[in-house]
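Visitor: Please take me through one part of this structure closely, and then show how it sits in the rest. Give the cut-offs behind each term as you use it.

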Amino acid sequence: MEKVLLVTGASSGIGAAVAEVAAVSCHSVCINYRNNTQKAEKLKESISIYNSRVIAVKANISTKYGMLHLFKEIDPKLDTTTHLVNNAGVIAQLNVLKELH
């Protein structure tokens with residue numbers, strides 16, 4: 001089974017580094033970001049050279065709508081998410097994830 005890694009807050013810093021390591025390890029990667037489309041797309045382009053499937057999805061994951069949008073983008077393009085690196089907004093996300101469950 002292919003590993004599909006979702007990295008939240010991944011357009012820069014630790015999230016970007018994690019996304020790159022995952023791509024080097026041949027995992028499919030979803031770069032989730034909230035505001036900086038330019039940084040997210042630049043990261044996507046730079047780590048796509050590792051022959052991993054990489055997408056960038058703009059979504060505010062502190063809301064139920066944002067979470068639903070994120071997974072609606074990931075599933076058809078990369079398959080089911082198998083790993084999550086939660087690099088953004090922990091408290092709000094827990095409440096949203098409970099609502100989705």
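Guide: Helices (H or I, at least four residues) and strands (E, at least two) are DSSP runs, numbered from the N terminus. On that basis the chain has four helices and four strands, and along the sequence they follow the pattern β-α-β-α-β-α-β-α. This is a predicted model, in which local features need pLDDT of at least 70 and side-chain atom pairs count only at pLDDT 80 or more, while totals for chains, interfaces and linings use all residues. Residues are numbered from 1 along each chain as its sequence is written, and side-chain values use heavy atoms, with hydrogens and water left out.

The part to look at is strand E1, residues 4-7. Val4 and Leu6 point to one side of E1, Leu5 and Val7 to the other, and all are buried. Buried means under 20% relative accessible area, exposed means over 50%, and partly exposed lies in between (1.4 Å probe, protein chains only).

Two strands pair if DSSP finds at least two bridges between them. E1 pairs with strand E2 (residues 28-33) through four bridges, and the two run parallel. Leu6 has Cys30 as its bridge partner in E2. Between E1 and E2 the chain passes through helix H1 (residues 13-24), and this β-α-β crossover is right-handed. That term applies if, with the strands pointing away from the viewer, the path from the first strand over the helix to the second runs clockwise. E1 also pairs with strand E4 (residues 83-85), again in the parallel sense, over three bridges. Here Val7 has Val85 as its bridge partner.

Val4 counts as buried because its relative accessible area is 1%. Contact means heavy atoms within 4.5 Å. Neighbours within four places in sequence aside, the contacts of Val4 include Ser28, Ile74, Leu78 and His83. Val54 is 50 residues from Val4 in sequence, and their C-alpha atoms are 9.5 Å apart. For the chain, among contacts between residues at least 6 apart in sequence, 66% join residues at least 24 apart.

Side chains of opposite charge can pair when their charged atoms come close. A salt bridge is counted when a side-chain nitrogen of Lys or Arg is within 4 Å of a carboxyl oxygen of Asp or Glu. Glu2 and Arg53 form one through their side chains, at 2.8 Å from N to O. Glu2 is in the segment before E1 and Arg53 in the loop between helix H2 (37-47) and strand E3 (54-58), so the pair ties together parts that are 51 residues apart in sequence. Glu2, at a relative accessible area of 38%, is partly exposed, and Arg53, at 35%, is also partly exposed.

The structure holds three salt bridges. One of them joins Lys44 and Glu41, with the closest N and O atoms 4.0 Å apart. Lys44 and Glu41 are three residues apart in helix H2, which means a separation of about one helical turn. Lys77 and Glu73 form another, at 2.6 Å between the closest N and O atoms. These two are four residues apart in helix H3 (residues 64-78), so about one helical turn separates Lys77 and Glu73.

As for totals, 35% of the 101 residues of the chain count as buried.
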